[in-house]
Amino acid sequence: MSTLSEHLLREIRELPAKFPQLRSAVMPALDLAQEEVGHLTPEAMSEVAAALNLDPGYVEGVATFYTLFHTGPIGKHRFYVCTNLSCALRGANEIHGHIKARIGVEGPEEVSADGLFSVEPVECLGACEYAPMLRLDHAYHYDLTIEKVDALIEARRGAKV
Amino acid sequence: MAPKSELRGSHGKTAGPVLTRWFGTENLHRLDTYVKKGGYASWRKALTQMTPAAITDEVKASGLRGRGGAGFPTGQKWSFIPRDMPGEKYVVVNADESEPGTAKDRYLMENCPHMLLEGIAIAAFAVGANQAWVYIRGEYDRPYSMLTEAIAEATKAGHLGTDIYGSGYDVDIRLYRGHGAYICGEETALLESLEGKRAQPRSRPPFPAIKGAWGRPTLINNVETLSTLPWIIENGGAEYAKLGTEQSRGTRMFTVSGHVQRPGNYEMEIGRPFRDLIEGMAGGALPGRRLKVFWPGGSSAPVLPAAMLDTTTDTEELKRLGTMGGSGGVIVMDDTYCVVRGAHRLLQFYAYESCGKCTPCRIGGNWAVRAYERLLAGEDGPAQLALLDRIQAGLQNGRCLCGLGDSAGWVIESTMNHFRNEYEEHAHSNVCSATGAMAVA
């Protein structure tokens, strides 16, 4: 019994056809695996490697290089808070600290007790005119205040029930 | 697209003459609006009335330089591609915008994705490529979906795809998402990533023009560079060269961020002083505060003190002052923030983003971060100053395959040069004059 579903593995096997060379398919494949499992477990990475005829160590090497791949558990909703200089000058560290306190975690490896949230301070996200800002659920949120961040959290807590 | 009220930067009445001339027009991201404005006329002209050599000559005549950071002359870069070499050639678009303080490529893609696509098509035809890959940073969800839609629209309407305008020429534009790595802005690291590897810069030669993506001749240009091409083809290279200065032609996008009243993405003719940008367009300092320092071209560009706001954006002038126009990301800091703390934050960035391939960068960045931590904690300050001085020298001057290590060194060196007093205060009395408080790490 594999970690990744049969139809996902089939999709992964079809990816190389989109690229001039097979290896280019590794990151799109890891995307699919991460989306299905939640994070990249050793089993998920091995199955991606097998589906693409690549060495498991190679696949893990790629997965651990990039910020957007997670090899440990993350919340259903992960806050990526820009804390680079432009955002720090406008209060990003306070925003980041507030989120940690509100969801009850101390670092990026932790997940909130209800499994809903995790938070990670990240480097510049390229939306500096809206600082402080963050990325959550594939969308940017701008001109952050404590109130706005609270609303983002509450909306997702409410959606759970 | 951002609602108009959300557009922060040149648009409408404040639009610039080239890149943002139509910004603020409702639905500019849609094909019909773009075409109504005159979009894709340059591509049609280039493909049906010009030869690749003639297009390259116009770009050379325009004096356009790469807007990603390095500022290499665009036309010259094109001429390195061996047009007659049989087999596949590629255009790769660097849309991995991640230099701290830089958001202008996002602004261009979100407001006018077709302008980028038109530029890509022109460049591809000029260098003889039939396939282009846009390497877009993974966090740019909205630009990614807007480009996806724009490609579909343009292909359906026959501006892209096969036998375009009955010319027999085909061009196919595809998107590839990055996964969060600053180093991918460096063009050979980007190619490694596009090939599905850890993004570590390649040693050169061979240059990407000869051996680039998947081992084939590859032209790599930045989003803003390519977005400028439709204007140049429409109006001619000579017309573009009338804008700007002798060594830096045209206009460019600047992202102004940090301690200003109106952070935003502004198009400005090159050669005007930073004062026009920071105090004019971006509204200057916040009420009751005074500007202290600015990074003129992304966090990698050595800093200038606010007393030098009359410095112009001309490449040569910036070079004389030991800095650069870089990515156009202008980060502004006022007197309420500590320069040492700001430098510490940036060193954390360079240390984290080092790909680990070259020793000085891999070791030096982390070493500098620890020295900053001790300096800010008041632990043996004078020794940390001496150490930082040694580290910055060791990071610089071509000791690494790419510029990441140099950039880290420049942050230390330039902030120490211009704000030695703040470093000395921390080192000798553990006091931070910027906040008036005792320093706390």
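## The sheet of chain B

B:Trp133 has B:Arg174 as its bridge partner in β3(B). This pair belongs to a predicted model, and the strands concerned, β2 (residues 131–136) of chain B and β3(B), pair in the parallel sense over six bridges. They are part of an open sheet of four strands in chain B, which has the order β3-β2-β1-β4 with parallel pairing. At the edges of this sheet stand β3 (172–177) and β4 of chain B, each with a single partner strand, so one side of each is left without a neighbour in the sheet. On average, and with direction ignored, neighbouring strands of the sheet are turned by 20 degrees against each other. Helix α6 (residues 113–127) of chain B packs on the sheet, where it touches β1 (90–95), β2, β3 and β4 of chain B, and its direction makes about 145 degrees with that of β1(B).

The strand β4(B) runs parallel to β1(B), and five bridges join the two; within this pairing, B:Val91 has B:Leu219 as its bridge partner in β4(B). Is β4(B) enclosed by the rest of the structure or left open? Five of the five residues of β4(B) are buried, so this strand is largely enclosed by the rest of the structure. In a regular strand the side chains alternate between the two faces of the sheet. Both faces of β4(B) are covered, with B:Thr218, B:Ile220 and B:Asn222 buried on one side and B:Leu219 and B:Asn221 buried on the other.

The loop between α8 (187–194) and β4 (218–222) of chain B contains B:Pro217. This residue counts as buried because it has 24 C-beta neighbours inside 10 Å, where 20 or more are needed. Leaving aside residues up to four places away in sequence, B:Pro217 touches B:Ile81, B:Pro82, B:Met85, B:Lys89, B:Ala209, B:Ile210 and B:Gly212.

Two packed helices are described by the angle between their axes and the distance between the axes.

| Helix pair | Axes come within | Crossing angle |
|---|---|---|
| α1(A) and α3(A) | 9 Å | roughly 50 degrees |
| α1(A) and α2(A) | 9 Å | roughly 165 degrees |

The angle with α3(A) makes α1(A) oblique to that helix, and the crossing of the two is right-handed. Their contact is made by A:Leu9, A:Ile12 and A:Arg13 of α1(A) and by A:Glu47, A:Val48, A:Ala51 and A:Leu52 of α3(A); by class, this contact has five nonpolar, no polar and two charged residues.

With α2(A), by contrast, α1(A) is roughly antiparallel, and the crossing is again right-handed. Here A:Leu8, A:Glu11 and A:Ile12 in α1(A) meet A:Ala29, A:Leu32 and A:Glu36 in α2(A), and the contact has four nonpolar, no polar and two charged residues.

## Where the chains meet

The contact between the chains takes 42 residues from chain B and 30 residues from chain A. On the side of chain B that touches chain A, the elements that give two or more residues are β5 (251–258), β6 (264–269), β9 (329–334) and α13 (339–353) of chain B, and α13(B) gives the most, with six residues. The residues of this side divide into 15 nonpolar, 16 polar and eleven charged.

Note on methods
Residues numbered from 1 in each chain as written. Chains lettered and ligands numbered in written order. Predicted model: local features only at pLDDT ≥ 70, side-chain atom pairs only at ≥ 80, totals over all residues. Contact = placed C-beta atoms within 7 Å. Nonpolar A, V, L, I, M, F, W, Y, C, P; charged D, E, K, R; others polar. Buried ≥ 20, exposed ≤ 12 C-beta atoms within 10 Å, placed from the backbone. Pairing = 2+ DSSP bridges. Axes fitted to C-alpha atoms, helices over the stretch in contact; angles between N-to-C directions. Parallel < 35°, antiparallel > 145°, perpendicular 65-115°, else oblique. Left-handed = near helix turned anticlockwise from the far one by under 90°.
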